[in-house]
Amino acid sequence: MLILRILSLEPAHGYAIARRLQQISRDTLHVNQGSLYPALHRLEQKGWLESEWRPSDTGREAKCYALTLAGHAQLEVEKSDWDRLTATVRLVFSEGT
Amino acid sequence: MAKVFNLFRGQRARLEHDLERELRYHVDRRVDDMMKDGLSEAEARKQASIEFGGVAQVQEEVRDTWTWAWLDALVADVRYAARGLAKSWGVSSGIIAVLALGIGATVAIFSVVNTVLLQPLAYPDADRIISIETVSTNTARISPDVSGPDFLDWQTQNNVFEQMAVSYGGNDFATMVGDRAVFANARYISADFFAVFGQGVAAGRLLTAQDVPIADAEPTVAIAAYSWAVAQFGSAAGAIGKTITVGSPMQIVGVAERGFRYPGAADLWAPWRTASGGTNRSLQNYQAVGKLEAGVSLARAQVHMRAIGDNLARQYPENRFKSVALTPLHERLTGNVQMMLWVLMGAVFVVLLIACANISNLLLARAAVRTREIALRAALGAGRRRLVRQLLTESGVLGVFAGAVGVLLAFVLVRALVALSPADLPRLDEVHIDTTALLFALGLSLFSTMLFGLVPAIHASRLDLSHLLKQGGSKGVTSGGGPRPRATLVIAEVALSVILLAAAGLLIRSFQELQHVPLGFTTNRVLVAYTEYAVNDEADMRKRSAYYADVLNRLRVVPGVTAAAGVSYLPMGRELRTGRDYFIEGRPEGQPGERPQAELHAITPAYFNTLEIPLRVGRDFAESDTWERPKVAIINETLARTAFPETSPLGRRIRTNTTSPWMEVVGVVADTRWQDPRQPAPAVIFVSSLQGWGKSLSILARTSVDETSLVTTLRSLLNDANPAVPVRFETMDELFAEAVAHPRFRTQLIAAFAAVAALLAAVGIFSVLAYLVGLRTREIAVRRAVGADTRDVVRLIVGQGMRLVGIGLAVGLAGALVVARLLQGLLYAISPWDVWPYLGALTVIGAAAGLATVIPAIRAAAIPAGVALQQE
């Protein structure tokens, strides 16, 4: 979901996504940078991302990922699911006490 | 193939290459960034690869994502499902056992239906092979029997049949093979008979038009069935050129292809004697078949042949009331079992439905136990469709498993079914489980999976997340809508079992009636020796009479034999008998086709005594009623009533042919149901075999001991008298059993299905109520705490159960009344509205259901007030 969110702003290559992830989570999410790639490929298989080789800011060719239409839709779904879940959990905690 | 593989490999290589580039880019960028922060290149590279984790590991993980996602998910689901099912293997194996039984039984019955009714006959262009038959234009009754002259006219006048052929005979004839006397089922056929069925020979040649004897000459050649040739001569080729004697000597010139024995179980085919068909258009003892020209529709052929038949009706007075009807051969052969087989199919399918309902129940119960697991999965983001898919996969694993076990079971069941089936069920020897049946089994597995899996899956996926989390896994409250699908399932089970049980009850009642039909003679303790004494001329016939008289006299003094007699047509026998016109002295002869008819039976003296048929007036035949004496006859009561309604028949004279001598009626005997216990007694004229009537005799011996213990004695007695006469033994009880084999078969099967259904329904009701009691434990405890006594609790639970059962019984009764109308054709002597089967079904299911409610009720009553509350 986070990956989809980052890519919804602009297409990026793997390294850039890893950096963005670290930034927005303010270093609290300490995932292995390598584990990002299986996730990217999975999302691509599902048709939510598409990729192409493109010269990067350093001039070297890098594989750039962008959100597809289905990806945008999926992001919406996950966002609303997430909202529901957090709302529910909040409800439970406030009722539980 | 290799190209496709390479293409695949090429794509794979590109993916690998891209992945490596992508990962290298990431690491390089990271190194660059860290070097900008002042690290040395070596230090930065080390740091970056630690951050990244193992490159190979990442590559491997990414590769995993390349396999097709859905296949991945399916494998995961199946693996997960198998693990889950293995964990509760008790329930799982129970489900598989019940379902496998249901699928196995259904596939077994389907195999019979499929082979007998659905598969075309095993001949080339079988759909074009037609049985050409006689229709009575005044009664609209269709009979497969045709007359010889009619057949010849049809053959020359029609232009819709490629070939037409006729056959007759089919009795077991005494046949000499070398010096051995054996039975051979011999048919006489016209030249094109094998061509109609598209048959060749395994050895030798087919019959040709030149083989058909001219005028009254005896046939001199024959074709043997493969199995008979092998049994008698060791091989098909070994039979060619051998001479056998069936009445007259014949040389075997050909052996039919393996498996071809039409009609019935023919052993030999000899060319027909056209002259014996003669000019008698009233004598209908041939069966005609034909192969339609390609492209000619049955309807067109029917119109065409009907026109020919109607023409003949105008031309010949004997044909005034008959014409031609066409019936596809497949229908002619299987028509009379069609209804029975479909009813069995329906019944076994109902059992499968009940089994599915039961399994559905079990899965619902398990889903309730797994509520928390499912809630957890939902909370972790599994979509509703994903959950339904997961649960359906579980059901699918069960279904496929059960299907596999069921097919194995079906192989066993089919053999049992074939063994149990009436021996004359058409195409019985062809019954087997073929690809169609296997596909049917697969479809059935998937269908039942959907049937029993969908309700629990949808039910489980409808869980309200927040509600569940609030509930915190407590079992004290019924989750929304929980009992309703269960209640529906119970009602369905009860209703279906009532329908099946009522149907079984109707058939059982009808079968009982059939068993107790007064036949007019007693069947027990009568041994039957079927013999065949070949004759060629009148001298032989006299010798034959002497032979039988001699054998019977010697038999009557054997210890244990109380009476013995001979008869040319066996009661309950397999030979078809047709009535023939009779004439009474002093009355007008009437027109052909309008004359009254009676069956003609040739018997020896003491026949009535042997079968215990009461003589009403007059006398039995005597040994003194011989060839030379005036001809005498005995008639049965039906004939006495119709032919001599006012006067005594004794002393009147009768005959069955306008030229033969008159026979004086010397006695009247009671009516008997000879052929089929369902049919009322036909009019019968008995004549004495001692006066030259009839053919070879079946010898009947009434015994005071177990009739089968005399087989050896009787066999050696007959062999001593004449070794050229082949003998086969049966008992009259066996013959009777065979005559009611069809009703017995369907009654037994449906009763078995109904018993299984009732049992399954009882188990289903029990498990549902037990579960509902579990759900209401706290409620019951509270009730007890506020003063409810045991009676109230029991009433509560039993009331809940019986309400469901009551609805089920009502629905079932309505269904049963509908089904009963369909069964009408299979019922004998009782109305489909006979009240007892319905009462019986309601009582049995009601009682079983009642019993099933009692145990949960007792368990509920045992719940003490405190315990349930402490559970929380």
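Which residues touch the most other members of the largest nonpolar core? The legends below take up this point in a predicted model and then turn to other close-up views.

**View 1. The largest nonpolar core, with Val255(B) and Ile685(B) among its 117 residues.** Val255(B) and Ile685(B) are the residues that touch the most other members of this core. Strand E4 of chain B, which covers residues 161–177, gives the most to the core, with seven residues. Because domain 3 (139–320) and domain 5 (533–725) of chain B both give residues to the core, it lies between them. In soluble globular proteins, nonpolar side chains tend to be buried together.

**View 2. The surroundings of Ile685(B).** When neighbours within four places in sequence are left aside, Ile685(B) is in contact with Tyr582(B), Ala598(B), Leu600(B) and Ala633(B), and also with Ile635(B), Leu639(B), Ile654(B) and Thr656(B).

**View 3. The domains of chain B.** Chain B is divided into domain 1 (2–66), domain 2 (70–122 + 337–473), domain 3 (139–320), domain 4 (483–517 + 736–872) and domain 5 (533–725). Between the C-alpha centres of domain 1 of chain B and domain 3 of chain B there is a distance of 84 Å.

**View 4. The open sheet of chain A.** Chain A holds four helices and three strands, which follow the pattern α-β-α-α-β-β-α when read along the sequence. The three strands form an open sheet in the order E1-E3-E2, with antiparallel pairing. Strand E1 (12–13) and strand E2 (49–55) of chain A stand at the edges and have a single partner strand each, so one side of each is left without a neighbour in the sheet. E2(A) pairs with strand E3 (residues 61–67) of chain A in the antiparallel sense over seven bridges, and Trp53(A) has Lys63(A) in E3(A) as its bridge partner. Of the 97 residues of chain A, 24% count as buried.

**View 5. The crossing of helices H1 and H2 of chain A.** The axes of helix H1 (residues 2–9) and helix H2 (residues 14–24) of chain A come within 10 Å and cross at roughly 110 degrees. H1(A) and H2(A) are therefore roughly perpendicular to each other. Leu2(A), Ile3(A) and Ile6(A) of H1(A) make the contact together with Ile17(A), Arg20(A) and Leu21(A) of H2(A).

How values were computed
Residues numbered from 1 in each chain as written. Chains lettered and ligands numbered in written order. Predicted model: local features only at pLDDT ≥ 70, side-chain atom pairs only at ≥ 80, totals over all residues. Helix = DSSP H or I, 4+ residues; strand = E, 2+ residues; numbered from the N terminus. Buried ≥ 20, exposed ≤ 12 C-beta atoms within 10 Å, placed from the backbone. Pairing = 2+ DSSP bridges. Core = buried A, V, L, I, M, F, W, Y, C linked by C-beta atoms within 7 Å. Domains from an automatic or database assignment. Contact = placed C-beta atoms within 7 Å. Axes fitted to C-alpha atoms, helices over the stretch in contact; angles between N-to-C directions. Parallel < 35°, antiparallel > 145°, perpendicular 65-115°, else oblique.
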